[in-house]
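Me: Could you take a close look at one part of this model with me? Here is the entry.

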Amino acid sequence: MTGVDVTTSPAKAGTAASTPYDRLSALGIELPPPPKPIGNFLTHVQEGSLLFLSGQGPLEADGHMHVGKVGGDVATEDAYRHARVTGINLIAVMHHALGDLSRVKRVVKLLGMVNAVPDFREHPRVINGCSDLFAEVFGEAGHHARSAVGFGSLPGNITVEIEAIIALHE
């Protein structure tokens, strides 16, 4: 399975308005295939007009997974980039689930988890990597409620994990 070429999305056809696909293209982002679950769960569940996205991690398109303790062997700035990669993976799941990102009415809520050393205090700065991306891609609809918290460990020692709740146009 290959990445999604955002320049040929159906959302671009016949519209002069800036779409999420236009913004992804302008950012130089090609959506990867959605990551596969690492356990007995679904990557997403739609209930009514809400889409619940399971936690995703910082998996690069080339298969590299970012691991380590933020505030220890991973700098805050690097973890910010890892959260941005995680945001790209969440958008890939959204695209796969919805078929068209223009169905996103609003990013409602993010829960950002940071694999951090005990005295780390910059969890919000790390998760801003995902929050900033969502604002860039979805505009005003990308601004959301959020929690950014620290954990003693995350699966596979990944640096960040982020889950999301998305409201959809009816």
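By class, how many nonpolar, polar and charged residues does the lining of the largest pocket have? Please go on from there to the sheet.

Reply: Happy to. This is a predicted model, in which local features need pLDDT of at least 70 and side-chain atom pairs count only at pLDDT 80 or more, while totals for chains, interfaces and linings use all residues. Residues are numbered from 1 along each chain as its sequence is written, and side-chain values use heavy atoms, leaving out hydrogens and water.

The lining has eight nonpolar, five polar and two charged residues. Here Ala, Val, Leu, Ile, Met, Phe, Trp, Tyr, Cys and Pro count as nonpolar, Asp, Glu, Lys and Arg as charged, and the others, Gly among them, as polar. The volume of this pocket is about 280 Å³, and of its 15 lining residues, Ile38, Gly55, Gln56, Gly57 and Met65 are the closest to the centre. A pocket is an open set of points on a 1 Å grid over the protein atoms alone, where a 1.4 Å probe fits, with protein on both sides within 12 Å along at least five of seven lines; lining residues have an atom within 4 Å of a point. The volume is the space filled by probe spheres set on points joined across faces, edges and corners.

Now the sheet. It is open, with five strands in the order β1-β2-β5-β3-β4 and mixed pairing. Strands (E, at least two residues) and helices (H or I, at least four) are DSSP runs numbered from the N terminus, and two strands pair if DSSP finds at least two bridges between them. The edge strands, each pairing on one side only, are β1 (44-47) and β4 (145-151).

Starting at β1, four bridges pair this strand with β2 in the antiparallel sense. Glu47 has Leu50 as its bridge partner, and Gln46 stands opposite Leu51. Two residues separate the strands of this hairpin, where Gly48 takes a positive phi near 60 degrees. On to β5: β2 runs antiparallel to β5, joined by five bridges, with Phe52 opposite Ile165. Strand β5 (residues 160-168) is also antiparallel to β3 (residues 104-115), over nine bridges, and there Leu110 faces Ala164.

Helix α2 (residues 76-98) packs on the sheet, touching β1, β2 (50-56), β3 and β5, at about 140 degrees to the direction of β2. Contact means heavy atoms within 4.5 Å; angles run from 0 to 180 degrees between N-to-C directions of axes, which are lines fitted to C-alpha atoms, for helices over the stretch in contact. Helix α3 (residues 123-138) lies across β3, β4 and β5, running at about 160 degrees to β3.
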